[in-house]
Every structure is written in C-alpha cells, then in structure tokens.
Amino acid sequence: MINQSNRTISGVTPLSQYPSSEALLQEKQAIDQTNLKALFAEDSKRFEQFSLKAAGLFLDYSKNLMTPETLQLLGKLAEEAKLPEAIKRLFQGDKVNHTEQRPALHMALRKQDDEAIWVDGQDVMPEIKATLAKIATLTQQVHSGKWRGYTGKPITHIINIGIGGSFLGPKMIIEGLTPYIKPDIKHHYIANIDPNDVAEAFKHIDPETSLFIVASKSFSTIETKLNAETCRQWMLDQGAKAEDIAKHFLAVSSNVDKAVEFGIHPDNIYPMWDWVGGRYSLWSAIGLPIALTLGFDNFEALLKGAYQMDEHFRTAPITENMPALLGLIGVWYHNYHGATAHAVLPYDQYLSELPNHLQQVDMESNGKSVNHDGETLSYSSGPVIWGDTGTNGQHAYHQLLHQGTLLIPVDFVVPAQSHNDIGDHHPWLFANALSQSQALMAGKTLDEAKAELAEQGLSTEEIEKLAPHKVIPGNRPSNTILMSKVTPETLGALVALYEHKVFTQGMLWQVNSFDQWGVELGKQLGNTLFPKLKDTDSPLDQDSSTNGLISLFREINQGE
Ligand SMILES: O=P(O)(O)OC[C@H]1O[C@H](O)[C@H](O)[C@@H](O)[C@@H]1O
C-alpha cells in the first residue's frame, strides 16, 4: 500500500488557530501508518459506527481515512470554531454576510411553520407565503390553460432567462426530477450571452405558446438583460405586438423598478430579497420554472425535503450532524491531507447537473482568501469541486482517481431505486457505484497484481515489468449518500445538505460564504472592453495581449 503522506504533505495547511489542530496533525501521522482496508478488517462495526440517516438520506462515511478519535477531534475543532453558535446565528437571521450587511435566510423560504423570522424589524414570513401563493396561482393558471398567449393558445414552453444562481439551481432540479415533468410543458434555458444559446432556444420554441421568465435578482446582469431584450424583439418579429408582451414575460427580481423599466407588467414581477443569495435562491420565486414545469405540489415537496435537512442541521449534535460531518471530513482532507479537489459523482443520469450547481454553491461561497477581518488566510480554503454522472465517468477520468498522484475525495450520490425499472439496468448502475468506492478504498497490491498476471500465464520477466503498472494504491476516501429514490423531497434534502456543508466549511475557514466580490472584476473589465470591439477607432490602450487580441477580432470581423 502506498503511503499517501509523502505525496500530499506539502499541501497540508492546518487550521492552527484552533487548539485541536495540533492533535489533528498527529492524528494524520497515525492514520498514515494504517489504511482503509486494515481499518475495516479491525472493526466489523465500522459501517454502523460511521453512517447516519437524516431527512430521507443515508450517509455512509465509513470509507474515510478516520478513526473514532479523528471524529472526536473534528468535532472538537468545530466546537472551537464555534460552529454550533454560528448555526444558531444563521437560522435566527443575523447578518452573517457582513460585507453586504445581510442575513442569509434561504432556510426561511422552505420553513414549514409560521414562526416569525425578523429582518430589520420586519417578519419576512408573510411575504414568503404570499409569494408562494402567487406562484401557486400562476402554476394553476398555466396548467389549466387559463393563461393564454397573444393568439389565445395555452402556454406549453417555459423559457428561463437567467444565469448563475438564477439558472443553475432550477435547471438542476427540473432535470433531476425529469419523471415529474408535466407532459404538456417543455422547459428551456437561455443563460449564456453567447448568441448560440438564444439561437438554439429559438429553434425549439413557439412565440404563441412561450412564457419567458426573466430571472435576475439584480436585474442588471448583462447576459440576462441582453437575452431578455433579444427574446422580446424576437416575439415582436414573430408577429406579437408591444401590448402582447405582458402575456409572455414574467420577471423574478429584487429590483422591481428595473423590471418595470424593461416592460414587465408589475403584476407579473415576483419578488426576491436581499437576504437570499443567488446560489441559494432556487427555493424562492427563482424556482418559478420548477413549479411551472413540475407542478406546485412538487415544488412544495422540494421545500419540505430541504426543511427537514434544515431542522436536522439546526438541532443535531455536530458529530451526528450530516452536513457538519461532510464539511468537517472535507476540511480534514483539504487542510490536513492536502487534497485540493473534491469530486461529486451522482449515479443517476437525471442528476447530471448536480455537480454544476454545487460548483457555484461551493466555489462561489468559499473561494475566498481573506478572513472576516480582511486578513489573508494562512491556510487553504475552498477546494475545486467537480464531477459528472457515473457510470460515464468510469470510462474517462476515474483513471486519475484510482491511479493518479492527487488525492481526490469523492461523494457518490446513489438512489436505491430508479424511476425507470428496465431489466437489470439499475442494479448494474448501483453495483458500479459500490465497486468504484470499493476499488478506491481497497486498491490492488503488487502481490495481487503479480498473482493475477501469473494466472494469465505470463513469464516471470513479463510479470515484473507489468505488475507495477497494475498496482492500484487504494486507501482513497469516499462518502456514499444514498436515498431510496430521487424524489422532490430527497432532492430538496440533498441540496440543503450541500448548502449547509458549505456553511460549515466557511465557518471553519472563517470566510464570508455569502459574498462574491471576485465575480465583479470580470464584469467591470467587460464593460470597458466591449466598446473597443464595436468602435474600431477607439484607442488600444490595454496590455499588449488584450490589445493584440482586440486587433485580431477587428481584423477578422472587418474582413467579412
Ligand atoms: O440573478 P442575477 O442578479 O442576475 O445574478 C446572477 C449571478 O450573477 C453573478 O455573477 C453572481 O456571481 C451570481 O451569484 C449570481 O447568481
């Protein structure tokens, strides 16, 4: 078995501000002396000990490089980081997003009781309930055919125009719950400013039966503004009149004035609030396309599932708390083993958008390098999150997971039942998820590789040459998150699980998980450079690379 400590020690960036950090460093040295296979052999109850159920999800975290002592130390680390207090502050609406002076209250959106939640002296619950009622009414009107387009036809195409949090979450949920899609409704997304995105959507929609949702918390995101203007013009070009637009355009925004200015009827504007971050907004009216595509009852069930996970996160002790555990295990690998990436591999084709959504949730939240006081972090925060569906990935990048030089912890997300009961497909899928986590854990030793080659009849010389290539180091950690089936409830719980995992890690790293100033610079520079592409007389006053590329763009476009 290859000892992983040598490979990753240079990347270890302990959280030395916490007293337990020193003990965790020693724990890491101790863990390096053993391996997962041995830990399983020593303790027949390892699975029972390192697994738990919450909100319809089952987490098996036994295939992690940890012992009961590690778990205790991680729990202590969380206490020292004041995670329980932070959870309390999050749920009671404290301004945890201190750089923007806002709370982060996405949990209020899925709250199943009427208890008040106060933001700046105002209870936000009545407005949340009123918005849900408005979504329910609209959904009913669209599905019953009461809401009609400008030629009197019912709506059959829902087109979400939005980007980032106003796109990734709704798309992931709708595709994740494909079996629940209303048969008469087609769903489409226009996110990218790339004309290819809008051009392709136009090929599949019909102006008479299309309902566009302009989803933008700020209503100032250039991609969404331009795409919305292009869609409105397209409607007019297809024969709609200016007064018909109200029947075909809705908006979701916290910037009502801007949405009205764009031409959306005030009755058709659904509110968003400052206290909901874009990447946490699918539970708000940003989820309108979810309700319209899957039905309001399914949207409600999604909220309910998330609420159950919220309640678990709010009340469970740290070492029995699923999101906190995932967060702590992630910190254990990131800061004490030098793992800089984390893979999320859903074994469910419908969940193929989950890694994309989680990339925004995780990387936009914790991709930060200063602490709450603005001081540069002395440790690493925010790993690269990536992934795609199994079994497809097994025939592509899993090679690196098994034999590469990087340590990449994995989350396998697997339903026990499929919505499509076709032959043995699903047991095969499940068996693959299990065999991948087993292979990562157990690997293949040099002796095993040699024995295998000997059985195939190879000569001693050939065996010596080939065997090292066939060694799989193993000892590579993974979590398995299992649900009986992907339903609105379990998917709601799953997404909330990851949201709270990210919060836990943000707390441990002492970063503000709810702002995203890094995104702003690219936007500002884009505004400066766009006129230089349009106006060929404008001076080239940028760095030589940017100037050179602008010149090429001008040359190519002038040559046409
Ligand atoms: O909803 P909008 O205001 O249009 O914002 C859409 C996206 O824009 C930005 O790039 C932010 O980084 C994202 O967090 C946000 O979700």
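## Domain separation and layout

In this predicted model, the C-alpha centres of domain 1 and domain 2 lie 32 Å apart. The domain assignment builds domain 1 from three segments of the chain, 19-81, 316-442 and 477-515. Domain 2 covers 106-302, and domain 3 covers 518-558.

## Contact between domains 1 and 2

Where domain 1 meets domain 2, 19 residues of domain 1 are in contact with 20 residues of domain 2. Two helices, α15 (354-366) and α20 (488-509), each supply at least two residues of the side of domain 1 that touches domain 2. The largest share of that side comes from α15, with seven residues.

By residue class, the side of domain 1 that touches domain 2 holds eight nonpolar, seven polar and four charged residues.

## The six-stranded sheet

An open sheet is formed by six strands, and its order is β1-β2-β13-β12-β10-β11. The pairing within this sheet is mixed. At the edges are β1 (51-54) and β11 (384-386), each of which pairs on one side only. From one strand to the next, the twist averages 15°.

Which strand pairs with β11, and in what sense? Strand β10, residues 341-346, pairs with β11 in the parallel sense, over three bridges.

Note on methods. Residues numbered from 1 in each chain as written. Predicted model: local features only at pLDDT ≥ 70, side-chain atom pairs only at ≥ 80, totals over all residues. Pairing = 2+ DSSP bridges. Helix = DSSP H or I, 4+ residues; strand = E, 2+ residues; numbered from the N terminus. Axes fitted to C-alpha atoms, helices over the stretch in contact; angles between N-to-C directions. Domains from an automatic or database assignment. Contact = placed C-beta atoms within 7 Å. Nonpolar A, V, L, I, M, F, W, Y, C, P; charged D, E, K, R; others polar.
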